[in-house]
Amino acid sequence: MSEKALQYIRDNRDRLLEKLNEFLSIPSVSTDKKHKTDVSNAADFVVTYLNDIGFENVEKQETNGHPLVYGEYNGAGPDAPTVLFYGHYDVQPADPIDLWDSDPFMPEVRNGRLFARGSSDDKGQVFMHLAVFEAYMKTEGNIPINVKVCIEGEEEIGSENLYDILHEKKEQFQADFAVISDSGMAAKNQPTILYGLKGFTGIEITVTGPDHDLHSGMYGGAVRNPIVALSHILASMKDENEVVTVDGFYDDVEALTDEERKLMEQAPGEDFLETTGISETVSEKGFTAKEHTMGRPTFEINGIYGGYQGEGTKTIIPSSATAKITCRLVPGQDPNKIQQLLEMHVNRVAPSGVTVEVKKEKLSAKAYKVEPTHPLIKKAAISYTKAFGKETVYLRMGGSIPVVEWMEAIYDMPIVLLGFGTPDDRLHSPNESFPLDSFDKGMETLVYYWDEVKK
């Protein structure tokens, strides 16, 4: 069955690329209210495509924010498995525009890459699935498995309404397993199974001293400086060996097995010195940089501000100072518990003479992990290798995709992460792009995968 679909993709490649460009040309920036109509138009594009393919019950479902697109295909019959395909059609803002080498919403091919906002994250990867469904329907009249589609317009703003929708419409979205293509590969043309994601949580600490900025000459030595107080608090939370010193932080961490450490060692990794400009890597004592980024929890200060920020000197004791902290979590860790531990630590070490407020991040998620030996994962690895001509490697990612944890918790089903992006795609940055190799071989991978799942 796959040969006809593969040939269709090859014969129609230019037309499919033009159709993707049409999708990418819609500035569906979910965070900017002025693009509300554009976001809706992008949802309409998906609805029209699904209807044209032959999906049933295609709906543009309104939410309290941007719409979600749902569709079903049940033509494979009751004995065939059902997959829930998730993706998102919204994109990040293109700012700063002047750093783009071409218009972010006028797709352009250069040096084997398609440049446009959303080309990799996630319109390009969503489109590949739709194109493969089209190929099956146009050549065979059916898709090998039953499909439910959930493509949202709020991923880039934290999927604000999706969790409630998945809960409320549990029967509608229920499936045997889910597939998500909103991730990437270890390197260009290196097929990669992503079998784990980190969880996420965070807090914001605000230290307040006097009710207004004070003259440092008149009040220095009598009033505690909130920035200094905040600095003491932050310095007490992680040591020079990159070990988090908050009591209980590591209590529930699922240890890395020898097998996993071997997988991580064998997998190709990013050259951090080259790509970041640092002089040396630092990681938790006892672990390599790859092991720490993939399989150990992290604690990072993402921003700190307070006092005078302008040119020159302004001799004040600032009224307040704030720090934003996030943690990437691993299997076993509970985001709510970690927030509580962080808050308890802050309150315990907070110096006198100031008040400290801890605000907890609302968007939290547990880590996700599926065993690399799971049959659906093995089938994905076979399909990747067929398409790319290389052995598939296995990785856990340091990033977080909250919807993955939500789907596992609500539906208790395995989630397969079939990503085709590369480290050079510049996600969320100017000059985002997607390799045409990934576009072509990624669609081939999907054709092979649906046939493998059907077996």
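Q: What makes the set of 103 residues a nonpolar core in this predicted model?
A: A nonpolar core is a set of buried nonpolar residues whose side-chain atoms come within 4.5 Å of one another. The largest such set here has 103 residues, and those with the most contacts inside it are Phe-55, Phe-177, Val-403, Met-407, Tyr-449 and Trp-450. H4 gives the largest share of this core, ten residues.

Q: Which residues does Met-407 touch?
A: Leaving aside residues up to four places away in sequence, Met-407 touches Leu-84, Tyr-86, Leu-166, Ala-178, Ile-180, Asp-412 and Ile-415.

Q: Why is the pair of Phe-127 and Phe-439 called stacked?
A: Stacked needs planes under 30 degrees apart. These two planes make 20 degrees, with the centres 6.5 Å apart, so the pair counts as stacked. Phe-127 sits in helix H4 and Phe-439 in helix H15, so the pair ties together parts 312 residues apart in sequence. Ring pairs also link both into a cluster with Phe-23, Phe-45 and Tyr-49.

Q: How do you know whether Phe-127 and Phe-439 are buried or exposed?
A: Buried means under 20% relative accessible area. Phe-127 comes out at 0% and Phe-439 at 1%, so both are buried.

Q: What makes Lys-123 count as lying over the face of Phe-23?
A: The distance cut-off is 6 Å from the ring centre, together with a limit of 35 degrees from the ring normal. Lys-123 lies over the face of Phe-23 at 5.1 Å from the ring centre. Likewise, the charged end of Arg-110 sits over the ring of Phe-115, 3.9 Å from its centre.

Terms used:
Residues numbered from 1 in each chain as written. Predicted model: local features only at pLDDT ≥ 70, side-chain atom pairs only at ≥ 80, totals over all residues. Heavy atoms only, no water. Phe/Tyr/Trp six-rings, centres within 6.5 Å; stacked < 30°, edge-to-face > 60°. Helix = DSSP H or I, 4+ residues; strand = E, 2+ residues; numbered from the N terminus. Buried < 20%, exposed > 50% of the residue type's maximum accessible area, 1.4 Å probe, protein only. Contact = heavy atoms within 4.5 Å.
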